[in-house]
Amino acid sequence: MILAPSLLSADFGNLERELRALEDAGLTWMHIDVMDGSFVPNITLGPPVIKRLRKCSRLFFDVHLMIVAPERLLAAFADAGADMLVVHAEACTHLDDTLREIRRLGIKAGAAVSPDTPVRALESVVPLLDSALVMSVHPGFGGQAFIPESLGKVRALRAMLRERGGQAVTAVDGGVDPDNTPDLVAAGAEVLVSGSAFFSRPPYAARLQDFLRAAATARPDPQHRRCGTDRDY
Ligand code: DX5
Ligand code: ZN
């Protein structure tokens, strides 16, 4: 399991210090939420900030683009230092072309589905995905409650990837905490994004251990087998 802290809940007045603290605490990923005030009702940051952060961090930059028509800005984010760009299925007119363009830029490509979008929206692009992300809250804000139906979507996504021979990691984002981590890992989540639950309880090294310990208690999911054979995505 990879824990990807969401920058949205970090101290925006001290981002450089935050990134260094995460690295020192043993984290390897940084989930960076980009919001445009249009696809979601909130605005965060863009390529110039990521470029500056890139200078002071070796963390893997997982950049979650919650913006309309992301194809306009892929090169700008890649140049800024993103290691992976995750676009929303709902925001792309031609999702396959957008994913191909990300790969052409030499970085990893991912796609996300919002809570009201079924995971089958990603079915035709499975071969183009390095990451497939289930949003377990409505995108736009940190600190929201986990939507329980997301567990079923994670299972369905794993089944779909297995059936289609996909290599993508299964990621989940929104309301993730050590309490729901065992169920998420059992359902097949491999990357857990956490904002408020992670940053609200420093020190970061100890908080990382809370999530890892929780993940280690995951029991095999009895629903796995059923989803491996049916097509409920
Ligand atoms: C929400 C963002 C999330 C958010 C998660 O739109 O995509 O990455 O930061 O924050 P928590 O863990 O607080 O739900
Ligand atoms: Zn996110």
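The model described is predicted.

**The sheet**

Eight parallel strands make up an open sheet, arranged in the order β1-β8-β7-β6-β5-β4-β3-β2. From one strand to the next, the twist averages 25 degrees. Within this arrangement, β3 (residues 60–66) pairs with β4 (residues 84–88) in the parallel sense over 4 bridges. Aspartate 62 has methionine 84, in β4, as its bridge partner.

**Helices across the sheet**

| Helix | Lies across | Angle |
|---|---|---|
| α2 (residues 47–54) | β2 and β3 | about 170 degrees to β3 |
| α4 (residues 95–104) | β4 and β5 (108–113) | about 150 degrees to β5 |

**The cavity**

The structure holds 1 cavity of 30 Å³ or more, and the largest cavity contains about 30 Å³ of space. Which residues line the largest cavity? Its lining consists of Trp29, His31, Asp62, Met84, Val86, Ser131, Leu133, Ala171, Val191 and Val193. Two or more lining residues come from each of β2, β4, β6 (131–135) and β8 (191–194). By class, the lining comprises 7 nonpolar, 2 polar and 1 charged residues.

How values were computed. Residues are numbered from 1 along each chain as its sequence is written. Chains are lettered from A and ligands numbered from 1 in the order in which they are written. This is a predicted model: local features need pLDDT of at least 70, side-chain atom pairs count only at pLDDT 80 or more; totals for chains, interfaces and linings use all residues. Side-chain values use heavy atoms; hydrogens and water are left out. Two strands pair if DSSP finds at least two bridges between them. Axes are lines fitted to C-alpha atoms, for helices over the stretch in contact, and angles run from 0 to 180 degrees between N-to-C directions. Contact means heavy atoms within 4.5 Å. On a 1 Å grid over the protein atoms alone, a cavity is a set of points where a 1.4 Å probe fits but cannot get out, and a pocket is an open set with protein on both sides within 12 Å along at least five of seven lines; lining residues have an atom within 4 Å of a point. Grid points are joined across faces, edges and corners, and a volume is the space filled by probe spheres set on the points. Ala, Val, Leu, Ile, Met, Phe, Trp, Tyr, Cys and Pro count as nonpolar, Asp, Glu, Lys and Arg as charged, and the others, Gly among them, as polar.
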